[in-house]
Amino acid sequence: MNKNKYLIAANWKQNCDSKSSIKLINDFVKLFNKTKPKCDVLILPPSIYLNTILIRLNKLKVSLKKISLGIQNISPFLNGAYTGEISVDMAKDFKCSYSLIGHSERRHVFMEDDKIISAKTKLSLESGMNTILCVGETIVEYNQKQTKKVISRQLKSALLKSKDLFKSNQDKIIIAYEPVWAIGSGKTASLDDIADVHAYIRNTLNKILGTKKNTIKILYGGSVNDLNAASILDIPDVNGALVGGASLNSKKFIDICSSI
Ligand code: PEP
């Protein structure tokens with residue numbers, strides 16, 4: 001596996017204000033320039049601060065090819081009377097090249113179902129965005145050994161309806177496996193479980209695509225930190241990480257990026 005191809009994504013969620021988001025990106029860029037990590041880096045700030053971060057990256061002369069910008073959520077509609085929503089094209093206006101779809105907080109706190117996530121995936125791919133589709137089981141499903149069944153359903157419902165689009169945009173889709181119980185809990189899935197589920201995802205993608213091999217990136221997310229990143233990123237079929245809490249600390253986040 002070419003280590004340059006790893007993707008480490010920072011999901012800032014609903015954290016920071018204008019001042020602290022500038023400080024966080026300033027601190028991170030300083031460390032980034034010093035350590036020059038080999039991975040692709042993606043920052044997903046709260047959408048209201050996208051422009052602030054974009055201006056800051058420009059000022060710091062950071063190419064958006066080195067540190068990309070993404071949006072944490074998009075509207076399932078292209079445009080129109082949908083109060084409070086942000087369309088994929090609006091995100092592109094602020095130089096977002098990635099969208100995050102189906103994060104467990106969207107699925108479980110905001111009750112987004114497979115249908116909504118499928119519509120968002122389609123819109124995102126149609127717009128040419130790199131699309132990170134999150135999948136993962138709850139603790140109840142994990143205890144009932146339903147993990148693979150849940151993931152298969154989530155992948156198929158999001159990708160099968162847009163199968164041709166998915167087939168012709170394989171380089172634009174990224175899967176993030178995030179066990180719901182591991183997000184923000186300080187608990188990570190075991191290395192064996194991560195390896196098993198990532199291999200299962202790879203295989204399921206092959207079946208959907210009707211191929212024997214695919215190079216779709218599969219990220220792991222769920223309490224990744226500077227101490228556990230290296231062993232998780234070393235697992236076959238783990239091509240990067242989606243990082244929440246630890247991405248709010250520039251030192252921890254650069255250490256994760258540098259652990260490849
Ligand atoms: C996430 O937000 O996707 C995430 C994995 O959060 P954390 O790293 O805090 O578990």
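Analyst: Happy to! Keep in mind that this is a predicted model. The chain gets from β1 to β2 by way of helix α1 (residues 18-35), in a right-handed β-α-β crossover.

User: What makes β1 and β2 a pair?

Analyst: Two strands pair if DSSP finds at least two bridges between them. Strand β1 (residues 7-11) and β2 have five bridges, in the parallel sense, so they pass that test.

User: How do you know that β2 and β3 pair, and which residue of β3 does Val41 face?

Analyst: Three bridges join β2 to strand β3 (residues 67-71), and the two run parallel. With at least two bridges required, they therefore count as paired. Val41 has Ile67 of β3 opposite.

User: Why is the unit of β2, helix α2 and β3 called right-handed?

Analyst: The label is used because, with the strands pointing away from the viewer, the path from the first strand over the helix to the second runs clockwise. The unit made by β2, helix α2 (residues 50-59) and β3 is right-handed in this sense.

User: Why is β2 described as largely enclosed?

Analyst: Five of the five residues of strand β2 (residues 40-44) are buried, so the rest of the structure largely encloses it. To be buried, a residue needs 20 or more other C-beta atoms within 10 Å of its own. Asp40, Leu42 and Leu44 point one way, Val41 and Ile43 the other, and all are buried. In a regular strand the side chains alternate between the two faces of the sheet.

User: What order do the strands of the barrel follow?

Analyst: Eight strands close into the barrel in the order β1-β2-β3-β4-β5-β6-β7-β8, with parallel pairing. On average, neighbouring strands of this sheet are turned by 25° against each other, direction ignored. Within it, strand β5 (residues 130-135) and strand β6 (residues 173-177) pair in the parallel sense over five bridges; Ile132 has Ile174 in β6 as its bridge partner.

User: And what makes α5 oblique to α7?

Analyst: The axes of helix α5 (residues 114-126) and helix α7 (residues 147-159) come within 8 Å and cross at roughly 50°. That makes α5 oblique to α7, because angles under 35 degrees count as roughly parallel and 65 to 115 as roughly perpendicular. The crossing of α5 and α7 is right-handed. Residues making the contact include Ile117 and Thr121 of α5 and Gln154 and Leu159 of α7.

Key
Residues numbered from 1 in each chain as written. Predicted model: local features only at pLDDT ≥ 70, side-chain atom pairs only at ≥ 80, totals over all residues. Buried ≥ 20, exposed ≤ 12 C-beta atoms within 10 Å, placed from the backbone. Helix = DSSP H or I, 4+ residues; strand = E, 2+ residues; numbered from the N terminus. Axes fitted to C-alpha atoms, helices over the stretch in contact; angles between N-to-C directions. Parallel < 35°, antiparallel > 145°, perpendicular 65-115°, else oblique. Left-handed = near helix turned anticlockwise from the far one by under 90°. Contact = placed C-beta atoms within 7 Å.
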